[in-house]
Amino acid sequence: MTSKQLATMEKETKQMEDIRFEIAEAHRDWENAIRFFDYAVGKDQIDYAIYYLITAEKRYEMLLRLAKRMSDKWPAWRGMSL
């Protein structure tokens, strides 16, 4: 394996690890948004909770789609269910 191929593989591995971390973070944000919505009171808090929930859900979905597109390069998700 050449040094260029090794560098490319290391870059892809780093990118996959970053995506894995972001997916876990986005999932936590989504769960927090659900909890915030459950306890929101008043019109302003409810409006904000809806916005927060939609945004968190969209980010989580986007990262999952990205990970699925990369799945041919990613042999094991190590605990991430797609």
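This is a predicted model: local features need pLDDT of at least 70, side-chain atom pairs count only at pLDDT 80 or more; totals for chains, interfaces and linings use all residues.
Residues are numbered from 1 along each chain as its sequence is written, and side-chain values use heavy atoms, with hydrogens and water left out.

What makes two rings a pair here? Rings of Phe, Tyr and Trp (its six-membered ring) pair if their centres lie within 6.5 Å; planes under 30 degrees apart count as stacked, over 60 as edge-to-face and the rest as tilted. By this rule there are 4 aromatic pairs. Take Phe36 and Tyr48: their ring centres are 5.8 Å apart and their planes stand at 85°, so this pair is edge-to-face. It connects distant parts of the chain, with Phe36 in helix α1 (residues 3-39) and Tyr48 in helix α2 (residues 42-69), 12 residues apart. Helices are DSSP runs (H or I, at least four residues), as are strands (E, at least two), and they are numbered from the N terminus.

Phe36 also pairs edge-to-face with Tyr52, at 6.3 Å centre to centre and 80° between the planes. Because Phe36 lies in helix α1 and Tyr52 in helix α2, this pair ties together parts that are 16 residues apart in sequence.

Tyr48, at 48%, counts as partly exposed, and so does Tyr52, at 26%.

Now step back to the helices themselves. The protein chain has 2 helices and 0 strands. The axes of α1 and α2 come within 8 Å and cross at roughly 155°; axes are lines fitted to C-alpha atoms, for helices over the stretch in contact, and angles run from 0 to 180 degrees between N-to-C directions. The two helices are therefore roughly antiparallel to each other, since angles under 35 degrees count as roughly parallel, over 145 as roughly antiparallel, 65 to 115 as roughly perpendicular and the rest as oblique.

Between α1 and α2 runs a loop that holds Ala40. With a relative accessible area of 14%, Ala40 is buried. Leaving aside residues up to four places away in sequence, Ala40 touches Gln45, Ile46 and Ala49, where contact means heavy atoms within 4.5 Å. The C-alpha atoms of Ala40 and Ile50 are separated by 9.6 Å, and these residues are 10 apart along the chain.

Elsewhere in helix α1 you will find His27, which is partly exposed at 25% relative accessibility. Its C-alpha atom and that of Glu57 are separated by 8.2 Å, although His27 and Glu57 are 30 residues apart along the chain.

Finally, here is the chain as a whole. Buried residues make up 20% of its 82 residues. Among contacts in the protein chain with a separation of 6 or more, 59% come from residues 24 or more positions apart.

Notes:
Buried means under 20% relative accessible area, exposed over 50%, partly exposed in between (1.4 Å probe, protein chains only).
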